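Hello,

Here is the structure I promised to pass on to you. My notes on what turned up in it follow just below.

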Amino acid sequence: MMTEIESTISKFQFVASSYGTKTFANKFTVFYNDEKIGTLVNSPRSNIIPEDLNQLQFENYIFYTKSLLEIRTIIEELTDCYNVQFDAINRLDVAFDINDENGYYRALNSSLNEGSIRLSGRKKSFNQYNELIKGVCINNGFTLGQRSSSKMLRVYNKTLSLQIAEKPHIIQHYQNNNFSLENVWRFEYQLNASFFSNLKDFGHDKDFFDSCHEKLVLPFQDVTYSVFDYSVLIELVSMAQNNFFTLKQNTGKKQINAEETIAFILDFDYLKTFYGTYQPTLLKLKTTHVPNLTKRKRLAKALFREYCANFQNVTYVLALNRLLDEMNPFDNTPLHDWFSQKMPFYLAEFKDVEKMKNRFDFNLFDEQKKLFLDEND
C-alpha cells in the first residue's frame, strides 16, 4: 500500500491519511511544488467501481489563486507523470459574484417565497438560508434542487457569509480584481456527474450535421479539458439554467409557461463575448437505450427479489436468465456480468432493509442457473 510518494522528476507528493473514506480505502493529500492542492482517493471498497479509478478534488482556494490554465497544466502534468487519463468530471461548481446594489436577490428570494414570482419546470426542492447576526435572523439566500440531482443552484449573500466565516483568499481575490465586497451575492451552480453524461463537446466547429441536419458528424469528445475555458463554463451554466431557473410572473394563470418571463440578471451572451476565447458547441446526445437498460436492471432486481422471497422458486430463474443474457449497450457485455457484481448488495438489502429471513442457497442458485443455460443452448 502506498504511504508516500516522492519523485525527483515529479513535482507531486502524495501523503497518505491514516483512514480512507466510506467509498474509497485510500485517501491522500496532494502537494504540487510543496503547495497543498487537493485530495486524491483510490482503491474503491465496492467492486462496482472500477478498481483503477482515482478521484482528485482540488482545494477551494486554488480556484482563487491560480488561473484556469495553471490548473489545467497541473492536471496535464499529473496524468503524464503517472500515466493516467482524465476520464470524466464527477462534480463542477461554477459561481458568479455580483454586487447587488439594488437588493435584487433578497427581493427575489422573498418573491419566490411569497409566490408573486413562479419558477417554470417540474417540481423541485426549494430551501432558504437564514443566518443569525448578533442575535437577529437575516435571510441569506436559497437553494434550488438537491445534492443528489444532476444540478443544484445556490443563491446567497457572499458578503454576509464572509462575515460569519472569513476566507482571506476570497477577500484578497476581490481586492486584486478591484471588486467591491459590499453586498455581494453569489449565483452558484453545482453540476454533478449525471449532468455530464452524454454531454459532448464539438469545439468551435459548427458544421457537424449532415446535409439533412439530422446526423452528427464525428469527431466529438467528452467534456473534460474544455472546462478550462470561460466560454465553456458560461455555456454549461446557461444549459443548466434552461427550464430549471426560468422566472415567471404569477398572475394566476393555470399554465406557468403562459406567464410572462422575467429577465434574469445574468446576461450569458454578454459574458461569453466578454470572457470567452471562442464560442463552444456543447450538445446533449439523445440516449434512447438508457431508459430501456434501466428498466431491465430494475426488472432483474424484482425477479431476484421474488426468487429469494419465494424460497428460491425455480420458475423465476428462467425469466431472470433470459433477461440477463441481453447485452449491456455501454460495454457490449452480457447483463450477467453486471448482475454478478450487484447480487451480494441485493442480498444484503433484502436482509437488512426488507427484513427477508429466508436463507439463500448459493449452490442451489448456481445449479438452477446452469440448468436453464444448458436448455437455452
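Leu144 has Leu153 in β10 as its bridge partner. Strands here are DSSP runs of E with at least two residues, and helices are runs of H or I with at least four, both numbered from the N terminus; two strands pair if DSSP finds at least two bridges between them.

Before going further, please keep in mind that this is a predicted model, in which local features need pLDDT of at least 70 and side-chain atom pairs count only at pLDDT 80 or more, while totals for chains, interfaces and linings use all residues. Residues are numbered from 1 along each chain as its sequence is written, and side-chain values use heavy atoms, with hydrogens and water left out.

Now the sheet around that pair. It is open, has 5 strands in the order β6-β11-β10-β9-β8, and its pairing is antiparallel. β6 and β8 (126-133) are the edge strands, each pairing on one side only. From one strand to the next the twist averages 20°; for angles, axes are lines fitted to C-alpha atoms (for helices over the stretch in contact), and values run from 0 to 180 degrees between N-to-C directions.

Buried means under 20% relative accessible area, exposed means over 50%, and partly exposed is in between, using a 1.4 Å probe and protein chains only. β6 pairs with strand β11 (residues 184-192) in the antiparallel sense over 9 bridges, and Ala95 stands opposite Glu188 of β11.

Two helices lie across this sheet. Helix α3 (residues 104-114) lies across β6, β8, β9, β10 and β11, at about 75° to β9. Helix α7 lies across β6, β10 and β11, at about 85° to β11. Contact throughout means heavy atoms within 4.5 Å.

α7 (residues 230-241) also packs with helix α8 (residues 268-275), at an angle of about 170° and with the axes 9 Å apart. α7 is therefore roughly antiparallel to α8; the cut-offs are under 35 degrees for roughly parallel, over 145 for roughly antiparallel, 65 to 115 for roughly perpendicular, and oblique for the rest. From α7, the residues that meet α8 include Tyr230, Ile234 and Val237, and their counterparts in α8 include Phe268 and Leu271.

Helix α10 (residues 315-324) and helix α11 (residues 335-352) cross at roughly 120°, their axes coming within 8 Å. That angle makes α10 oblique to α11. Leu320, Asn321, Leu323 and Leu324 of α10 make the contact with Leu335, His336, Trp338 and Phe339 of α11.

Finally, two single residues. Asn42, in strand β4 (residues 35-44), counts as buried because its relative accessibility is 11%. Its side chain is joined to that of Asn54 by a polar contact of 3.0 Å (a pair of N or O atoms within 3.5 Å; within protein, one must be able to donate a hydrogen and the other to accept it, and residues adjacent in sequence count only if both atoms are side-chain atoms). Ser67, in the loop between α1 (62-65) and α2 (68-82), is partly exposed at 34% relative accessible area.

Best wishes
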